Amino acid sequence: MLIQLEKSIPAQMLDNIYKELNHYGFKPSLVETLQAKYLICNGKKEADIRHFGNLPGVLDIHIVEDANKLVSRQWKVQDTRILFDDGTKISRDDLTIVMGPCSVENEEQVVKTVEFLKENNVKFMRGGIFKPRSSPYSFRGLGIEGLKFFSAHCRANGIKVVSEVMQVSQIEPMYEYVDVFQVGTRNSQNYNLLDELGKTDKPVLLKRGMSGTLQEFLASAEYIFANGNEKIILCERGIRTFEKAYRNTMDLNAIPYLRDKSHLPIFSDPSHGVGIRNYVEPMALASIMAGADGVLIEIHECPPKAFSDGDQTLDFYQARRTIRRLRETMEFRKKLMVQ
Ligand code: PEP
Ligand code: MN
């Protein structure tokens with residue numbers, strides 16, 4: 001059961017609701033976000049909810065059988081939209097394209113990428129400055145110094161910054177320079193990190209763990225929400241399977257599944273999902289047809305020279321074509337009115 005409370009509910013009213021819930025055998029947990037207040041009630045089979053629905057301070061009440069209640073569509077039928085101060089939004093009605101290098105390498109690269117994105121009306125740039133690499137000898141990112149010029153060029157051109165945070169101590173120094181915190185696949189179940197991101201007011205782009213089930217993925221999103229941050233984007237990025245022909249297996253099934261089970265926006269990352277440049281565009285287009293609200297794609301002026309993930313990175317010429325086709329595909333999807 002999930003109870004939506006009046007945002008400014010007086011302590012006494014809340015006490016009274018707790019008493020009633022305890023009396024009927026529920027264990028309520030209070031969740032307070034910037035937008036709203038909720039009581040998540042576990043511990044008992046659903047009782048007659050009308051009894052609680054009439055208590056003062058209760059706005060609405062829902063039976064939610066899903067384990068991850070706050071992110072479930074069982075209580076929130078409308079798709080969640082994420083709004084930014086300048087009016088940019090991430091929503092079901094607009095295709096969100098996020099493009100940029102795997103790693104931020106130098107200022108010139110950022111300038112050229114920003115220019116490319118601006119020309120193509122792409123509103124979000126990705127770029128790693130803390131890189132989780134499989135080998136400790138690989139390039140591990142420029143850190144906050146890189147983020148400073150990355151952010152400055154983006155902001156001067158009206159582009160939003162998406163960058164991965166790997167540990168709790170990085171949240172604070174990154175905060176003023178990013179618009180969206182990315183949580184990578186390797187940190188998808190780092191609950192301490194998710195807790196702390198739940199306490200910020202910036203959107204979190206949460207990737208699915210490479211061996212994570214969709215239940216586990218939704219549970220990770222639930223952590224962020226339960227700590228107070230409702231601005232969460234679920235991002236499918238491919239999973240590990242027995243197949244070795246490509247880097248990961250892009251789980252397109254996840255997109256309609258998550259769409260059905262959760263009200264959160266859904267992105268796909270076909271770059272990591274397939275890991276081979278020539279297959280990125282078809283998987284990006286397929287993601288849109290499967291119902292994704294946005295895509296995250298790695299681009300570089302000269303992919304063979306990229307410091308990381310060059311094999312799955314599009315050059316600007318390819319990226320331009322992919323952007324056009326993504327937009328055409330979204331128009332086509334809207335006409336079909338599927339997903
Ligand atoms: C990335 O986006 O560059 C990245 C490291 O992604 P993932 O966490 O999905 O591997
Ligand atoms: Mn990468």
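I take buried to mean under 20% relative accessible area, exposed over 50% and partly exposed in between, with a 1.4 Å probe and protein chains only. The model is predicted, and I kept local features at pLDDT of at least 70 and side-chain atom pairs at pLDDT 80 or more, while totals for chains, interfaces and linings use all residues. Residues are numbered from 1 along each chain as its sequence is written, chains are lettered from A and ligands numbered from 1 in the order in which they are written, and side-chain values use heavy atoms, with hydrogens and water left out.

**Asn-120.** I looked up its accessibility: at 13%, Asn-120 counts as buried. I found Asn-120 in the loop between α3 (107–119) and β8 (124–126); helices (H or I, at least four residues) and strands (E, at least two) are DSSP runs, numbered from the N terminus. Neighbours within four places in sequence aside, I list Arg-320, Ile-323 and Arg-327 as its contacts, a contact being heavy atoms within 4.5 Å.

**Ile-239.** I placed Ile-239 in the loop between β12 (232–236) and α8 (254–261).

**Manganese ion (ligand 2).** I read its donors as Cys-102 (SG), His-272 (NE2), Glu-298 (OE) and Asp-309 (OD), at 2.0 to 2.4 Å. Donors are N, O and S atoms within 2.8 Å of the metal (3.2 Å for Na, K and Ca); water is not among the atoms, so sites may look incomplete. I wrote the sequence spacing of the donor residues as C-x169-H-x25-E-x10-D. I noted Glu-298 in strand β14 (residues 294–298) and Asp-309 in the loop between β14 and α11 (316–336), eleven residues apart. Glu-298 is buried, at 1% relative accessibility.

**Whole chain.** I counted eleven helices and 14 strands in the protein chain. For 339 residues a compact globule would have a radius of gyration near 20 Å, and the 21 Å of the protein chain agrees with that; the radius is taken over C-alpha atoms, and the globule rule is 2.2 Å times the number of residues to the power 0.38. I noted that 55% of the 339 residues count as buried. Of the contacts between residues at least 6 apart in sequence, 69% join residues at least 24 apart.
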